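Dear colleague,

Please find the structure below, handed over for your own work. My notes on what was found in it follow directly after.

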Amino acid sequence: MSWWPGWNSIEGAAKWGDIFFWLGFAFLVLLAGCEVLSKVYSWRKDTLLALHDNLTAIAQTVRAKQTERFEAPERQDAEAAPPRAPAPEADRTEMPPVPPPQPQEIPRESDPPSRSPEQVARLPERSPRGLTEAQKKSIIGILSPFRGQKFSVVCIAGDPEGKRIGEEIVTVLRAAGWDFSEAGVAEATYNKEPIGLSLMVNAGQIVTPSVLRPVAMLVKAFADAGLMQRNGALADANIPRDRIEVRVGRNRNPPPP
């Protein structure tokens with residue numbers, strides 16, 4: 001082993017001993033860092049898988065609703081038209097060609113589950129909504145990657161419970177870095193009052209990735225906390241682009257289907 005560097009010298013042996021000690025320590029630190037990075041990337045993989053599943057589910061729901069809206073008028077026309085009896089041969093005359101029917105504009109069904117105020121009053125009231133500290137931390141962790149996302153919160157005018165949970169939602173989303181430029185929780189009146197919590201997104205951007213991803217994760221965060229159903233994201237042409245509206249409805253049990 002005499003060919004090893006510094007093997008036959010006191011100073012050389014001391015120097016190379018220190019070098020190998022610190023080199024081994026550096027590799028130990030590198031090993032610990034690699035273990036930590038492996039765990040972090042594993043968590044990121046799970047988050048991306050959940051995001052992919054939510055995006056796929058929302059996209060399929062939107063396509064199904066669009067298909068149903070376009071097929072419904074055709075089915076109604078087919079059911080409403082009574083069968084026409086054939087005319088006798090002697091009475092048949094040449095008729096001018098009938099122009100094809102003009103396509104009708106299909107209204108978007110963008111309202112969340114709703115009922116008239118009288119119907120809502122008859123539904124059983126639920127316990128006041130709220131978020132625990134653990135739920136708040138979980139929501140902040142899920143939504144932090146989408147910092148800067150604009151949002152607004154609207155509740156029913158004169159509903160103190162809805163306004164309180166709306167203010168709590170504003171605080172949590174702001175802590176996640178989301179952009180809330182409003183003066184506070186807005187209040188609105190509805191002919192048919194919404195029930196529960198729902199998310200409203202601009203109809204032209206419901207499938208835009210920049211909006212669909214934060215919407216999917218917001219649905220997941222609120223659904224995991226028990227605030228809303230997993231199919232509570234709806235399209236509305238009146239919502240500003242690049243904005244998500246959190247609509248806080250009455251705190252009632254959902255009506256039976």
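The axes of α3 and α4 approach within 8 Å and cross at roughly 45 degrees, where axes are lines fitted to C-alpha atoms, for helices over the stretch in contact, and angles run from 0 to 180 degrees between N-to-C directions. The two helices α3 and α4 are therefore oblique to each other; angles under 35 degrees count as roughly parallel, over 145 as roughly antiparallel, 65 to 115 as roughly perpendicular and the rest as oblique. On the α3 side the contact (heavy atoms within 4.5 Å) involves K136, I139, I140 and L143, which meet E168, V172, L173 and A175 of α4. These residues divide into six nonpolar, no polar and two charged, with Ala, Val, Leu, Ile, Met, Phe, Trp, Tyr, Cys and Pro taken as nonpolar, Asp, Glu, Lys and Arg as charged, and the others, Gly among them, as polar.

The model is predicted: local features need pLDDT of at least 70, and side-chain atom pairs count only at pLDDT 80 or more, while totals for chains, interfaces and linings use all residues. Residues are numbered from 1 along each chain as its sequence is written, and side-chain values use heavy atoms, with hydrogens and water left out.

Helix α3 (residues 133-143) also packs with helix α5 (residues 209-224), at an angle of about 170 degrees and with the axes 10 Å apart. That angle makes α3 roughly antiparallel to α5. The contact is formed by I139, I142 and L143 from α3 together with M217, L218, K220, A221 and F222 from α5. By class, the residues of this contact of α3 with α5 are seven nonpolar, no polar and one charged.

As to the overall layout, the protein chain has five helices and seven strands; these are DSSP runs numbered from the N terminus, helices being H or I of at least four residues and strands E of at least two. Their order along the sequence is α-β-α-α-β-α-β-β-β-α-β-β. Of the 257 residues, 33% count as buried (under 20% relative accessible area, with exposed over 50% and partly exposed in between; 1.4 Å probe, protein chains only). Among contacts between residues at least 6 apart in sequence, 86% join residues at least 24 apart.

Rings of Phe, Tyr and Trp (its six-membered ring) pair if their centres lie within 6.5 Å; planes under 30 degrees apart count as stacked, over 60 as edge-to-face and the rest as tilted. The count by this rule is five aromatic pairs. One of them is the tilted pair of W16 and F20, at 5.9 Å centre to centre and 35 degrees between the planes. Both residues lie in helix α1 (residues 10-80), four residues apart, about one turn of the helix. W16 is partly exposed at 28% relative accessibility, whereas F20 is exposed at 54%.

F151 and W178 form an edge-to-face pair, 6.2 Å centre to centre with 65 degrees between the planes. F151 belongs to strand β2 (residues 150-156) and W178 to the loop between α4 (160-175) and β3 (186-188), so the pair ties together parts that are 27 residues apart in sequence. F151 is buried at 0% relative accessibility, and W178 is buried at 4%.

Yours sincerely
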